[in-house]
Amino acid sequence: MNISLEDKVTVITGGTRGIGLSIAKVFGENGSKIAICGRSESNINHAIKELEADGIEVLGMKADVSNEKELINFADEVEKKYGGIDIWINNAGIYPLVKMLDMSLQDWEQLFDINVKSVFIGSKIAKEKLMKRKGGVIINAASFASIMPSVTAGAYAATKSAVYSMTKSLAAELAPHNIRVLGYIPGVIDTEMNKKLLEKNNKAIIDPLAMKRAGTVEEVAYPLLFLASEYASYITGTFIEISGGKFC
Ligand code: NAD
């Protein structure tokens, strides 16, 4: 199997670091043109440098995924530069480590804006762009947190449950347009997002994993490369769990 995304254009929200940046690298190395957005100008510039050093063609832009205007503007720029979009990855997210009822309403709303509203806005934009190419793929970041109780991040878990459900429904809604919709369920991946948690509770988090280690960002990106490719043409409305065998 020789996976190629030659002639494809991939948008990755939150592609400036962690899992998103790794997806950008792996998809880019396999032929796709890449577009990333994030919140921090310096992270965007850093990511662009890293990707270009690997010979990857990339457009990077500051855009807040919870802001419809900014995301539309970003997508329009991508279309202008590359002529269209084929793969859209709703990857950006935040993970506030706080008990659900200790949150302020404002923080709750911000979390849902960034983790859930962004998937609604992103998928709406993606539908319009992908239909112009007669089809494509949308991939959403869910989480293991959505399917188990969480004392430390209950609201985050709820946002990812919403993403889980949205992915299933969007797959049904968009299948007639030749758009596949999939999700990934990372367990514990070694990124900035859970650095603090891993530093504080390493044993408690790692011990229940069958493989007794956190995953790498590449271990998320490569399975997604397959899912985005033509080899996965009959797969939609489902998730790939990348967890090292959680709670075995
Ligand atoms: P990360 O914190 O390292 O990176 C998150 C990215 O999202 C960054 O590029 C950041 O700039 C971007 N982002 C955040 N808010 C944004 C906003 N409002 N607008 C635009 N960009 C924004 O996180 P990660 O570990 O790479 O996680 C990526 C995705 O995978 C997230 O959705 C996360 O919830 C999910 N996930 C991660 C893990 C894990 O173990 N790392 C586990 C389960 C799910």
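The model is predicted: local features need pLDDT of at least 70, side-chain atom pairs count only at pLDDT 80 or more, and totals for chains, interfaces and linings use all residues. Residues are numbered from 1 along each chain as its sequence is written, and side-chain values use heavy atoms, with hydrogens and water left out.

Start with helix α4, residues 105-132. Helices (H or I, at least four residues) and strands (E, at least two) are DSSP runs, numbered from the N terminus. K117 sits in α4. K117 is partly exposed, because its relative accessible area is 34%; buried means under 20%, exposed over 50%, and partly exposed in between (1.4 Å probe, protein chains only). Leaving out residues up to four places away in sequence, K117 touches S66 and F112. Contact means heavy atoms within 4.5 Å.

S123 also lies in α4. S123 counts as buried, because its relative accessibility is 4%. Beyond its neighbours within four places in sequence, S123 contacts N90, I138 and L170. A polar atom of the S123 side chain lies 2.6 Å from the backbone oxygen of V119.

Next comes the partner of α4. Two packed helices are described by the angle between their axes and the distance between the axes. Helix α3 (residues 68-82) packs against α4 at about 25°, with the axes 10 Å apart. Axes are lines fitted to C-alpha atoms, for helices over the stretch in contact, and angles run from 0 to 180 degrees between N-to-C directions. The two helices, α3 and α4, are therefore roughly parallel, a term for angles under 35 degrees. Residues of α3 that meet α4 include E68, L71 and I72. On the α4 side, S118, I121 and G122 are among those that take part.

Now turn to the cores. In soluble globular proteins, nonpolar side chains tend to be buried together. A nonpolar core is a set of buried Ala, Val, Leu, Ile, Met, Phe, Trp, Tyr and Cys residues joined through side-chain atoms within 4.5 Å. The largest one here has 34 residues, and I23, F27 and Y184 have the most contacts inside it. Elements that each supply at least two residues of this core include α1 (18-29), β2 (33-38) and β6 (179-186). Helix α7 gives the most, with 7 residues. F27 touches, among others, I34, I89, A221 and L224. A second, separate core has 31 residues, including V11, A63, I114 and L130.

Terms used:
A polar contact is a pair of N or O atoms within 3.5 Å; within protein, one must be able to donate a hydrogen and the other to accept it, and residues adjacent in sequence count only if both atoms are side-chain atoms. Angles under 35 degrees count as roughly parallel, over 145 as roughly antiparallel, 65 to 115 as roughly perpendicular and the rest as oblique.
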